[in-house]
Amino acid sequence: MRPIHSKITEITEESPNVRTFFFDTQFDEAIPGQFVMVWVHGTDEVPMTLSGKNSITVQKVGDATSRMFELGIGDHMGLRGPFGRGFTIPKKDEKVLFIAGGVGAAPIAPLADIVKARGIETHTILGSRSCDELLFRERFACGRVDITTDDGSEGRNGFVTDQLAETDTSYYDRIYVCGPEIMMYKVFEILEARNGHVKTEFSLHRYFKCGIGVCGACGMDPDGLRVCRDGPVFNGGELEGSEFGHYERDSSGCKYHF
Amino acid sequence: MKIAGIELKNPTILASGIMGTTGAALARMSRNGAGAVVTKSIGPVPNKGHNNPSMVELECGYINAMGLPNPSYPGFCEEIKIAKSKMDAPLIASIFGGDAGEFTEVAKGLLSSKPDCFELNVSCPHAEGYGASVGTDPELVHEITASVVDAVDVPVWVKLTPNVTDITPIGRAAESAGASAVVAINTVRGMAIDIHSGYPILGNRFGGLSGPAVKPVAVKCVYDLYEALDIPVIGVGGITCPEDAIEMILAGARAVEIGSAVHDDVQIFEKISKGIDIYLQKYGYSKTEDITGLSHEMI
């Protein structure tokens, strides 16, 4: 598909470095966890997981996202998608645990919306560096929410893993995780020790080139799974013994260890 | 089947630039039935490639301008070793450079990882100073091919660009310089524009067209090269099903490479090689060679 010319209809300032852009393009068929390729004309095109049917939530980190922050309501971006494999939607009688760090709350929030609408029991561990960077806490408020901040400005002074260590995960049927890879890997290790990683889904991030599963730039070791097509959501069982938590590759294919 | 100096498991080969950045991805394509795999094109220095969008699906195929991203030969040796440790299929190392010296440097630099063959990329349509910038000049192609053939002890294939008036002089240059095969075609130079914003869609503004739209171009190039050369021709361009591969073989291809079709189906290799076998059986042939170039006799 060609990029869909999409007008920005609303911008929400979530925190000093995070904004949500709403578009006049709706991805009604999108499954939570799926992404769109966002083309910032004249700059670059980057993958962004949908934070809603017509929205992306962006942290300012590079050229493309900085350029996005210069755009206003009425400006346009090109959107292609939804692409990739999203989260498994829980069944009505299942109990779910969300673990989200920083802007990692964005891919999980649409799942929380669905879960809330179905009346499914939820528990969220929501972490960030400080209280003004806590994202979408109201969207997770359908159940218990434990907040952690690195600086102790709100909730528990520490990391989501500190909270997870004290949480009885055997109670939950499904666990969903998104955040910085180091955080996700620590979560993975805790859950693997409890054999709970196989009921857990992780939303991964890698450098995407084509974004449609052809070029192989986001292929993971050792099985060559493509994050853009076979993922970006992976079951913990698929990540056992993989590069996850250890290294990634940049746009030239050179490895960088975490 | 032994073709152009290497033993293929079947006539379907993973084309360069597709799932070829890591050893793990190459091995996965072998598990999915590829008779051999070609790596991403590797050059003398690490290169990030062009900005995105770098590949977009159009109505008739795909347009891409990756810009030869690669970690360079020292970084890629490990990936080749990983691929080779995980699969039996031959591995063909695609390489590029700006001149004969760079091509030879890269080829020699990869030798320790023991690729089974080299494919010289003198045909990428969108990298200034590389690829088709050198591959449209028969003298340069001859010089580069001869230099690499002299430096390595494995077969050397040369991948040709269709973006020339006549592809056969370039093919002859490769053959006379000692190439074991020519591979035709690389992508067809092209462009797509977003009519709403006015921006060319690719980050590099223009790029190369692949997929179903280019198959007739590829069939004609393979047909012409088969007439002009004695060395085998490997056909590539828009093959998405067994019928496409058979058409390419009838035009003169000894084997085929498959790229963009991986988008719709990662198991494409197995499907196409099985389909070729069924065709051979149906028409009473025993091997692919029996039908290679058969269309040339139909006059």
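Helices (H or I, at least four residues) and strands (E, at least two) are DSSP runs, numbered from the N terminus. On that basis, chain B has 9 helices and 14 strands, while chain A has 5 helices and 17 strands. This is a predicted model, in which local features need pLDDT of at least 70, side-chain atom pairs count only at pLDDT 80 or more, and totals for chains, interfaces and linings use all residues. Side-chain values use heavy atoms, with hydrogens and water left out; residues are numbered from 1 along each chain as its sequence is written, chains are lettered from A and ligands numbered from 1 in the order in which they are written.

**Overall dimensions**

- The radius of gyration is taken over C-alpha atoms, and the globule rule is 2.2 Å times the number of residues to the power 0.38.
- Chain A has 258 residues, for which a compact globule would have a radius of gyration near 18 Å; the value for chain A is 17 Å, which agrees.
- Chain B has 299 residues, for which the rule gives a radius near 19 Å; the value for chain B is 18 Å, which agrees.
- Along the principal axes, the C-alpha atoms of chain A fill a box of roughly 50 × 40 × 35 Å.
- The corresponding box for chain B is roughly 50 × 50 × 40 Å.

- Strands of a sheet pair through backbone hydrogen bonds, either parallel or antiparallel.
- Two strands count as paired if DSSP finds at least two bridges between them.
- In chain B, 8 strands close into a barrel in the order 3-4-7-8-9-10-13-14, with parallel pairing.
- The twist averages 25° from one strand to the next. Axes here are lines fitted to C-alpha atoms, for helices over the stretch in contact, and angles run from 0 to 180 degrees between N-to-C directions.
- Strand 10 (residues 181-184) and strand 13 (residues 233-236) of chain B run parallel and are joined by 3 bridges. B:A184 has B:G235 as its bridge partner in strand 13.
- Helix 3 (residues 100-110) of chain B packs on the sheet and touches strand 7 (91-95) and strand 8 of chain B. The direction of helix 3 makes about 150° with that of strand 7. Contact means heavy atoms within 4.5 Å.
- Helix 9 (residues 268-282) of chain B lies across strand 3 (12-14) and strand 14, running at about 160° to strand 3.

**The open sheet of chain B**

- Another 4 strands of chain B form an open sheet in the order 5-6-12-11, with antiparallel pairing.
- Strand 5 (55-57) and strand 11 (188-190) of chain B are the edge strands, and each pairs on one side only.
- Neighbouring strands of this sheet are turned by 30° against each other on average, direction ignored.
- Strand 11 is joined by 3 bridges to strand 12 (residues 207-210) of chain B, and the two run antiparallel. Within this pair, B:R189 is partnered with B:G208.

**Cavities**

- On a 1 Å grid over the protein atoms alone, a cavity is a set of points where a 1.4 Å probe fits but cannot get out; a pocket is an open set with protein on both sides within 12 Å along at least five of seven lines; lining residues have an atom within 4 Å of a point.
- Grid points are joined across faces, edges and corners, and a volume is the space filled by probe spheres set on the points.
- The count comes to 5 cavities of 30 Å³ or more.
- The largest cavity has a volume of about 510 Å³. It is lined by 37 residues, and B:S16, B:N64, B:K159, B:N186 and B:T187 are the closest to its centre.
- Strand 8 (117-121), strand 12 and strand 14 (253-258) of chain B each supply at least two residues of the lining of the largest cavity.
- That lining divides into 16 nonpolar, 17 polar and 4 charged residues. Ala, Val, Leu, Ile, Met, Phe, Trp, Tyr, Cys and Pro count as nonpolar, Asp, Glu, Lys and Arg as charged, and the others, Gly among them, as polar.
- The second largest cavity has a volume of about 90 Å³. Of its 14 lining residues, A:K209, A:A217, B:T21, B:K40 and B:P69 lie nearest its centre.

**A pocket and a loop in chain A**

- The second largest pocket has a volume of about 160 Å³. Its lining has 13 residues, with A:A30, A:P32, A:G52, A:K53 and A:P110 nearest the centre.
- A:N54 sits in the loop between strand 4 (44-52) and strand 5 (55-59) of chain A.
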